[in-house]
Amino acid sequence: MKIKLNSVYVENQDKALKFYTEVLGFVKNKEIPLGEFKWLTVVSPEEPDGAELVLEPNSNPATKTFQSAIFKQGIPLTAFAVEDIQKEYGRMKKLGVVFTMKPTKTGPVTVAIFEDTCGNLIQLYQEAAA
């Protein structure tokens, strides 16, 4: 068993695709029209055959409530690993990304939290060198 798909609820799929590809650097993998919405996934360019992130339309009232509640509580929806968190933080800040937590050492990892412009908080993390 392995993880192949993970969803992130987004208010607008096209806006999300732009942010996740142009700002975060992911690559579009699948875009399949499904009526009003589409099956839209991105992958890491470092692992093109790895896990896919589904940019899931936030059309269900239950998901809207969930997304809003955890955002207001400051809880990230998901987390992405990075090699150099300070470098990513600086690069993303220059692109206008809003961080709610700058890189902060928390035990064996350093974390930062940013807004994805689609209604979510996302955590970046860097594990300490062994």
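In this predicted model, strand β5 supplies the largest share of the lining of the largest pocket, namely 4 residues. The pocket itself has a volume of about 810 Å³, and among the 27 residues that line it, those closest to its centre are Phe26, Ser44, Glu46, Phe80 and Ala81. Two or more lining residues come from each of the elements β3 (37–43), β4 (52–57), β5 (78–81), α3 (85–94) and β8 (121–127). The table sorts the lining by residue class.

| Class in the lining of the largest pocket | Number |
|---|---|
| Nonpolar | 15 residues |
| Polar | 6 residues |

Elsewhere in the description comes an open sheet of 4 strands, which has the order β1-β4-β3-β2 and mixed pairing. Because β1 (5–10) and β2 (27–34) stand at the edges and each has a single partner strand, one side of each is left without a neighbour in the sheet. Neighbouring strands of this sheet are turned by 25° against each other on average, when direction is ignored. The strands β1 and β4 run parallel and are joined by 6 bridges, and Val8 has Leu55 in β4 as its bridge partner. Helix α1 (residues 13–23) packs on the sheet and touches β1, β2, β3 and β4, while its direction makes about 5° with that of β3.

Technical notes
Residues numbered from 1 in each chain as written. Predicted model: local features only at pLDDT ≥ 70, side-chain atom pairs only at ≥ 80, totals over all residues. Heavy atoms only, no water. 1 Å grid on protein atoms, 1.4 Å probe; cavity = no way out; pocket = protein on both sides within 12 Å on 5 of 7 lines; lining within 4 Å. Points joined across faces, edges and corners; volume = space filled by probe spheres on them. Nonpolar A, V, L, I, M, F, W, Y, C, P; charged D, E, K, R; others polar. Pairing = 2+ DSSP bridges. Axes fitted to C-alpha atoms, helices over the stretch in contact; angles between N-to-C directions. Contact = heavy atoms within 4.5 Å.
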